[in-house]
Amino acid sequence: MDHHHQEEENHTEKQDDEEALARLAEIKKAIEAKMALRQNNLNPERPDSAYLRTLDSSIKRNTAVIKKLKQINEEQREGLMDDLRSVNLSKFVSEAVTAICEAKLKSSDIQAAVQICSLLHQRYKEFSPSLTQGLLKVFLPGKSADDLDADRNSKAMKKRSTLKLLLELYYVGVIEDSNIFINIIKDLTSAEHMKDRDTTQTNLTLLAGFARQGRVFLGLPISGQDEDFFKGLGVTAEQKKNFKKAFNTYYDALAELLQSEHKSLQQMEKENSKLVNAKGELSEDSASSYEKLRKSYDHLYRNISSLAEALDMQPPVMPEDGTTRLTVGDEASSSGAVKDTSVPEPVWDDEETKTFYECLPDLRAFVPAVLLGEVESAKTKDKSSESSSEVVEGQQTAEDTTEFPADSGSMADVSTIEQPKEKDEVDKEKAKDAKKEKGKEKDSDKKLENEKEKGKSLDVANFERLLQRLPGCVSRDLIDQLTVEYCYLNSKTNRKKLVKALFNVPRTSLELLAYYSRMVATLATCMKDIPSTLVQMLEDEFNYLVHKKDQMNIESKIRNIRFIGELCKFKIVPSGLVFSCLKACLDDFTHHNIDVACNLLETCGRFLYRSPETTLRMTNMLDILMRLKNVKNLDPRQSTLVENAYYLCKPPERSARISKVRPPLHQYIRKLLFSDLDKDSITNVLKQLRKLPWSECEQYILKCFMKVHKGKYGQIHLIASLTSGLSRHHEEFAVAVVDEVLEEIRVGLELNEYGAQQKRLTHLRFLGELYNYEHVDSSVIFETLYLTLSYGHGTSEQEVLDPPEDFFRVRMVIILLETCGHYFDRGSSKKRLDQFLIHFQRYILSKGHPPLDIEFDLQDLFANLRPNMTRYTTIDEVNAAILQLEERQHASGADKGSVERHPDTKRPGMFSNGEAPKEESDSDSGSGSAVRDGQNEELEDGNHERGSESEDGDDYDDAVGPGSDDDNEFRVRQKVVTVDPEEQADFDQELKALLQESIEQRKLELRGRPALNMTIPMSVFEGSGKDHHHFGRVTGDNGEEVVDEENGEPREVQVKVLVKRGNKQQTKQMLIPSDCSLVQSTKQKEAADLEEKQDIKRLVLEYNERDEEEANGLGTQASNWTPAGSRGNTRGYTGGVARHRFVYHQGGGGSYHSRRK
């Protein structure tokens, strides 16, 4: 997988490099084309007059081409250039220049205009001077009368596009005089224009664009491939100095202007804050003037910052980082006891709330401007002007018609004399035509009316469906989508209906108020009549409900005041209206007014208290509220309401929580374990932990491992996996983790704190996972289980440590057995678990009837572990079962003692090679794997190491039996690779030669050994299988062994001595004391030989098993190959569930750790 991921990264990097090279090639190609175009324009090869006369010189054709010049764009560039090549414009050059100057060019059309101007420049000599003069008129409005009537915005856009066109024409050589730019810059930077703020803003944008596009004039560094091109333009150092001086002087003047405007804005803020504190609200004139000045300041600051960036300068730094806000003035600073303004609290509690109330969708980006209500005013103006013009035209047509009959009458007198018949025929035809036209007009009018009626009915139906969906909009996305859909049905009638629907929100659906308010705030940007109408309706309803003074309709009152509060947070309702409503409730602080005031404070009280403009007035209102609460004799419900509202707005002062400062290394460790650790990143986390300086941070890593309760419960097995992986390199760390877990479990039993229950459950789960990864022995699990049941019983503190009604220890046992109990399904572990479950049932019955959740967990536990086990219902039944269990254990203990006295006898169920039958192997040594995370089943290697355990649990002591099957195992696995037959043949040949050489050396050694000069009689070996099988056996006269009565050991050892008398060999029996050195050395040699034989036997068996395993593995490699790079073992048990191990794999992509099952 790592290799595949690396290939993808290399592929993406290669694609990025190719794209970058392609972009560089395009840039280089464009620069070369621009340089070629400049050379052609500087040295134009203009056609002679004879060639021009062959082209089309007709007025009609030239007029059509000149009209196209007014609409230059990139799409029409090729066609327009072909037209220009086919016509002769020598007599219409001035008209072409005028058309180009009047063209409304966009930024994307500049290059097309440059190409067209270059073509005209290369054909007509007088084109370039005329074009320069025509474009400069845009910057000299005094010389052009048409520009005086143009709109200010269109003029600014025209100047921006013209300046870009002039620069590009200069770069390509159409314009050769650079002094025209000096004149333009001097005019834009003149001090006279700074008096007019709109003109200053326009000039700033023009200068910023010039600075970005014409860096060569300012002597600014040019990066990239354009450097060689711009060096060839020939801008002198003196010109660069003049440009730079003009820009720097203008920038300094702008900085002073910004400082003065900032001061005036701050002064106005102070005055406004005083007015707010005195009167509670600002007048419309003051608010409008402040907003106007604020917008002007913000616009000026943005433009100056843009110019500074284009000039590679730092933007001016204003107090408060260039932003201003309304403050509470001198009075607020003096009231330090009320609120500390040096550290202002955030208005919103979190980013999500801030986004909901401040980040509104821009309808202009989603809806065409025609559909928004803001354009209707312009339409009405247009309609009024059109109607007036229609009246004037009607009067003129009436006058014309009155004049026309008079003339026709005088002419008709003459014609009637000459041709009276023709006149009658013409009148009849005219009448028929008029009737036909009237009939057609009536039919078309009827069709239009029918279509309009159908469209209106569809709009009405769609709008009704939209209103029906309104109560279901209970999320930000839904209400925003509905708002956009409404804009497509916008009309004056629909706006009234929408306001009515919003106003009539169900009084029990208070959760909709925030979303309705968001819809109103979103529509308020384009439809000013919706918020104003709704606010007026809510204010009238509040005044009506307050002055009515009845104790009815409390839900309607709360709905009304909460709606006002939500609109206040969107700044639709002014704060003055909220304070007036609150003051009306405080003036008559009784009955429903208390509920209304408290609901208002709960809705927008905190917002007003934390807003700098209203904090002082809100503080005064809260003080009045608490004084009224202390004076009035309120019932407990109302008193609680008032206190909740007060402290919601103004929480009690308390010392700030001091966050613990951790060193960076500790923070990194916590990030790895609590943030980054998951199933995919465990390998990387293990590598990072191994790279840490363990001498410094081992204790802290251990501390973090013990805080598994602070992480995710589902990732505890990952911590256990890390522990198993680290134990390969830091064995003492793994031991410390186990010790700490057991200690924490015991401390939890000793203290029995309710607040630590979650921590205790996670530690038990952690212990179970450590067993799953073969990091602790099964005896530790059973000791912990019995300790959990029995700790504290029989002592004076039993009622405190384990109360009768407390079932938490039952849950602890359930957690531990659910984690690792399914591995105790065979062998001694199975018997031990069966024994424990009987004791566990007695513990449960001693507690009484468990709660339903505990009972359900117990049912699931027994169904998973022992579905066929008997569940006892009474304490007597379980006591009888325990007595039978103890009797069986006593009997098995006696049998075990007899077996130990006869060690030579073979255990039942054992094979000659020391392996147990597959169906009787212990659970801890089973090799069947359980799929834990949805992976395919995988058989474990190395099952023969624990395959010799028998199912008969009586052959093992409870404390020692399964101890060897929980040791940590780390194996290195390699991918099985097919071997080349030629290499295999070479290897076999070399091995055969090596063995032959070793055999020859061995023969020489045997020949050189001295031979025994006497033979041992066969009679010596005849009784070796009977009574001489073991050296050191001593028999008495009756054939029994002579044993020392005190310590049970032989006193003497019988040996046979071989003697030779003449040519005859004889043996004599001798009795040697058992403590003789000869006897002791002989016994040691026999023991060593026996041990060596057993080792050789074991190695030979293991070697044969490995050969069989490799042979089988080659055949099943495709089916048993896993993504981790390990192969399945075809030998092993098919039943049972294997325990998890943290195995060290080595695959083709490198070494890494993974979790094997």
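Leaving aside its neighbours within four places in sequence, which residues is Thr200 in contact with?

## Thr200 in helix H11

This is a predicted model. Thr200 belongs to helix H11, which covers residues 197-213. Once neighbours within four places in sequence are set aside, the contacts of Thr200 are His193, Met194, Tyr250 and Leu254. Thr200 has a relative accessibility of 0%, so this residue counts as buried.

## The protein as a whole

The protein has 1157 residues, and 39% of them count as buried. Its secondary structure is made up of 45 helices and four strands.

Contacts can also be sorted by how far apart the partners are in sequence. Taking contacts between residues at least 6 apart in sequence, 74% join residues at least 24 apart.

## Helices H6 and H7

Helix H6 spans residues 110-123 and helix H7 spans residues 127-136. Their axes come within 8 Å and cross at roughly 135 degrees. An angle over 145 degrees would count as roughly antiparallel; H6 and H7 are therefore classed as oblique to each other. On the H6 side, Cys117, Leu120 and His121 take part, and they meet Phe127, Ser128 and Leu131 in H7.

## Aromatic pairs

There are 16 aromatic pairs in the structure. In one of them, Phe463 and Tyr486, the ring centres are 6.1 Å apart and the planes stand at 50 degrees, so the pair is tilted rather than stacked or edge-to-face. Phe463 is part of helix H20 (residues 420-469) and Tyr486 is part of helix H21 (residues 476-487), so the pair ties together parts that are 23 residues apart in sequence. Phe463 and Tyr486 are both buried.

Elsewhere, one aromatic cluster is formed by Trp348, Phe356, Tyr357, Tyr515, Phe570 and Phe607.

Asp529 lies in helix H24, residues 529-548. Is Asp529 buried or partly exposed? Its relative accessibility is 31%, and Asp529 therefore counts as partly exposed. Along the chain, Asp529 and Arg495 are 34 residues apart, while their C-alpha atoms are separated by 8.3 Å.

## Helices H33 and H35

Helix H33 (residues 716-726) and helix H35 (residues 757-772) have axes that come within 9 Å and cross at roughly 50 degrees. H33 and H35 are therefore oblique to each other, and H33 passes H35 in a right-handed crossing. The residues of H33 that make the contact are Ile716, His717, Ile719, Ala720 and Thr723. From H35 the contact uses Thr762, Arg765, Phe766, Glu769 and Leu770.

Helix H35 also holds His763. With a relative accessibility of 2%, His763 counts as buried, because the limit for buried is under 20%. Leaving aside neighbours within four places in sequence, His763 is in contact with Met706, Val708, His709, Val741, Glu744 and Ile745.

Which ring does the charged end of Arg871 sit over? The ring is that of Phe862, and the charged end of Arg871 is 4.6 Å from its centre.

Note on methods. Residues are numbered from 1 along each chain as its sequence is written. This is a predicted model: local features need pLDDT of at least 70, side-chain atom pairs count only at pLDDT 80 or more; totals for chains, interfaces and linings use all residues. Side-chain values use heavy atoms; hydrogens and water are left out. Rings of Phe, Tyr and Trp (its six-membered ring) pair if their centres lie within 6.5 Å; planes under 30 degrees apart count as stacked, over 60 as edge-to-face and the rest as tilted. Helices (H or I, at least four residues) and strands (E, at least two) are DSSP runs, numbered from the N terminus. Buried means under 20% relative accessible area, exposed over 50%, partly exposed in between (1.4 Å probe, protein chains only). A charge sits over a ring if NZ of Lys or CZ of Arg is within 6 Å of the ring centre and within 35 degrees of the ring normal. Axes are lines fitted to C-alpha atoms, for helices over the stretch in contact, and angles run from 0 to 180 degrees between N-to-C directions. Angles under 35 degrees count as roughly parallel, over 145 as roughly antiparallel, 65 to 115 as roughly perpendicular and the rest as oblique. A crossing is left-handed if the near helix is turned anticlockwise from the far one by less than a right angle, and right-handed if clockwise. Contact means heavy atoms within 4.5 Å.
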